[in-house]
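Please walk me through this structure, from its overall organisation down to individual backbone features. I would like the terms to be defined as they come up.

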Amino acid sequence: MKKIIHIAAFGLLLSGSVAAFAQSAPPVPAPQSVPTGQQAPADEDGGLQVTVSDDSDWQDLGIAITTFATDADVPTGTNAGSTAALGRALSQVVAADLKNNGLFKPSGPDGLPQPAYAQIQSPDFPTWSARAANMLVQGYVRAGAGGQITVGCYLYDVALKQQLVKGGWQVPPSDWRRAAHKCADMVYSRLSGESPFFDSKIAYIAETGPKDHRMKRLAIMDSDGANHRYLTSGQSTALTPRYSPDYSKILYLSYLNGQPSIYVYDLASNTQKLIARTGNPTMAPRWSPDGKWVLYSMASGGNTDIYRISSAGGGTPQRLTNTPGISIGGSYSPDGSQIVFESDRSGNQQIYVMNADGSNQHRISFFGGRSATPEWSPRGDQIAFTHVAGNLRIAVMNPSGGGLRHLTDSWQDEAPTWSPNGRIIQFFRTAKGAGTASIWQVDLTGRNERRLPTPVGASDPAWGPVRP
Amino acid sequence: MPALMYRRHVKTGSTMLLIAGALAMSACASKAPKELPPEPGPATTTQTTPPPSGPQPGSQADFVARMMGSDTIYFQLNEDTVDATDQAALSKQAQWLQQYPSKRATIEGHADERGTREYNLALGERRANAAKNYLISLGIDPSRLNTVSYGKERPIALGSDEASWAQNRRAVTVTID
């Protein structure tokens, strides 16, 4: 039972103004568990409509995040301890999510009053006004039947003395962090008007050992670096993973059979198979947004071109590019109709766009230097890429090639991947000399940059979609 | 660094070495047929009959020793052009391969660290193919030659400087024992 349960009684309220309900509701409504429904998008009149390219006001928004209360401090099957300890851990995950992404500077849960269980739905507003908090996040956690954990999350506007949004989720013990990410997503979406992204996962390459004998293993983790797990032993070099849109599989390159070849790794069965038996090296795997197609690049006689094959297996690969030189990679537009890719057909690496069937190939990057590893934003409005002009830097442009902006300025940053909501970009940074690799993220302002916590060196991040 | 400089000197002095190598090879060439029968064979066999000096003729160790650095050719930034120096090295490799016609070889293509990972995989493949094609033009049967690209994943010079990058932009021929 891996699926997260969204409590309908709360979810229905996401799009409405719910102050009246909050005043009259019983302390904690009996949650009714139903399979996950789509959360209603943030209401059009709600939220603070601020563009992410100017985040100066955000930093001033005081958000207090309090320790989640519990009705009874009982043991849980989680690795966080009893419900009381779990309540504290949940609020810490929420605070870290909101803080680490540069959009807010939340306070708490340390150093803040801990609301009692009965106060979760009727906050002590005067206390929070006195502390100059603008927004208040409260929540509860309860242990349920069969070890299930129930988490409720509430966002209040302190000045208005009004509940803005609330949500509730029932999760198995192993998924308790997901409930916190859902809470952070709800708060983030309500305050920013943007789509959620915290409840998502990342596939990447874990790197250990010296520069000339480096072990590269396929690994996965949550969007905040938690729940880290290795998928391959490291005996064969693994590179460039991509999560399938439903998180059931990972495409990646492995040297398992000597030649670099693309495998599809099935996470349920922990088995893998070659995506195409070509006899030639295959590289740079990509999923279509609907998961039905796989792009790979194949080298033949020193030439590399992009091919498309059904992800279900079988069928004849369709060759999409056919020019002298190296055409490689490929990233679908969100609607699946176009593909952005890189090619050195003009003499050096530049970025091109084509229709999904390979027609109408045209170059869009006309900057100095080389442009590589394009990734289409899930929102469709931007293309992130690696700009190679002396140093390697992460940059964005619009899909017609205009509006170039550099987001990073380091010695070697490459391989951008988008957050599910298209607001944050992860990439990997290589240290000059030692060659140590680490995963970083930056928002679209370029101002909020931070390193992700990984147990060892890390490269090739691939961010999956937000989980249902 | 000293090893690096040594390599460079070897390359600049390649004409002399080539002459020496050609002489050595023509001397060996007449004996070659007699030495052919010992096929790859397990390592234990080689230990029971240690050669008086140097590696067993026709082995990868022999290839490395005889090439004196010419098992590797180097490329300019983002290039796969086989220049005159590379041609001399590949000719030397071809002579050895012709001397041991049962031997197969893998050409490993590499790139320096100053490029993106996926492109460098394709670039390494292109470089390995450039070396392979030149060996074929010298008469080596294509079925004896494989290529594999390691992109920027297996540097040999570990610095982050022009000299190291020049050493890493390479194609290395490795014979299969």
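This is a predicted model: local features need pLDDT of at least 70, side-chain atom pairs count only at pLDDT 80 or more; totals for chains, interfaces and linings use all residues.

Residues are numbered from 1 along each chain as its sequence is written, and chains are lettered from A and ligands numbered from 1 in the order in which they are written.

Chain A has five helices and 31 strands, where helices (H or I, at least four residues) and strands (E, at least two) are DSSP runs numbered from the N terminus. Of its 468 residues, 50% count as buried; a residue is buried if 20 or more other C-beta atoms lie within 10 Å of its own, exposed if 12 or fewer, and partly exposed in between, with C-beta atoms placed from the backbone. Two residues are in contact if their C-beta atoms, placed in that way, lie within 7 Å, and among contacts in chain A between residues at least 6 apart in sequence, 48% join residues at least 24 apart.

Chain A is divided into domain 1 (5-192) and domain 2 (201-463), with bounds that come from an automatic or database domain assignment. Where the two domains of chain A meet, nine residues of domain 1 are in contact with 11 residues of domain 2. On the domain 1 side, helix H3 (residues 83-100) of chain A gives the most, with three residues. By class, that side has two nonpolar, four polar and three charged residues, given that Ala, Val, Leu, Ile, Met, Phe, Trp, Tyr, Cys and Pro count as nonpolar, Asp, Glu, Lys and Arg as charged, and the others, Gly among them, as polar.

Helix H3 of chain A has 18 residues and reaches 25 Å from its first C-alpha to its last, close to the 26 Å expected at 1.5 Å a residue, the expected span being 1.5 Å times one less than the number of residues. Its buried residues, including A:Leu86, A:Leu90, A:Val93, A:Val94 and A:Asp97, pack against strand E3 (63-65), strand E4 (69-70), strand E5 (135-143), E6 and helix H5 (176-192) of chain A. Just after H3 of chain A, A:Gly102 takes a positive phi of about 75 degrees.

In chain A, an open sheet of four strands has the order E10-E9-E8-E31 with antiparallel pairing, where two strands pair if DSSP finds at least two bridges between them. The edge strands of this sheet, each pairing on one side only, are E10 (229-230) and E31 (457-463) of chain A. Strand E8 (residues 201-208) of chain A is joined to E31 by five bridges, and A:Glu207 stands opposite A:Gly457.

The largest nonpolar core has 72 residues, and A:Tyr204, A:Tyr252 and A:Tyr296 are those with the most contacts inside it; such a core is a set of buried Ala, Val, Leu, Ile, Met, Phe, Trp, Tyr and Cys residues joined through C-beta atoms within 7 Å. Apart from it lies another core, of 47 residues, among them A:Val93, A:Ile120, A:Trp128 and A:Val137.

Some backbone features of chain A lie in loops. Most residues other than glycine have a negative phi, and most peptide bonds are trans. A:Lys161 has a positive phi near 50 degrees in the loop between strand E6 (149-157) and strand E7 (162-171) of chain A, and A:Lys161 counts as partly exposed because it has 15 C-beta neighbours inside 10 Å. A:Asn360, with a positive phi of about 55 degrees, counts as exposed because it has 9 C-beta neighbours inside 10 Å.

In chain B, five of the seven residues of strand E2 (residues 104-110) are buried, so this strand is largely enclosed by the rest of the structure. Strand E2 of chain B pairs in the antiparallel sense with strand E4 (residues 170-176) of chain B over six bridges, and is joined by six bridges to strand E3 (residues 145-151) of chain B, which runs parallel to it.
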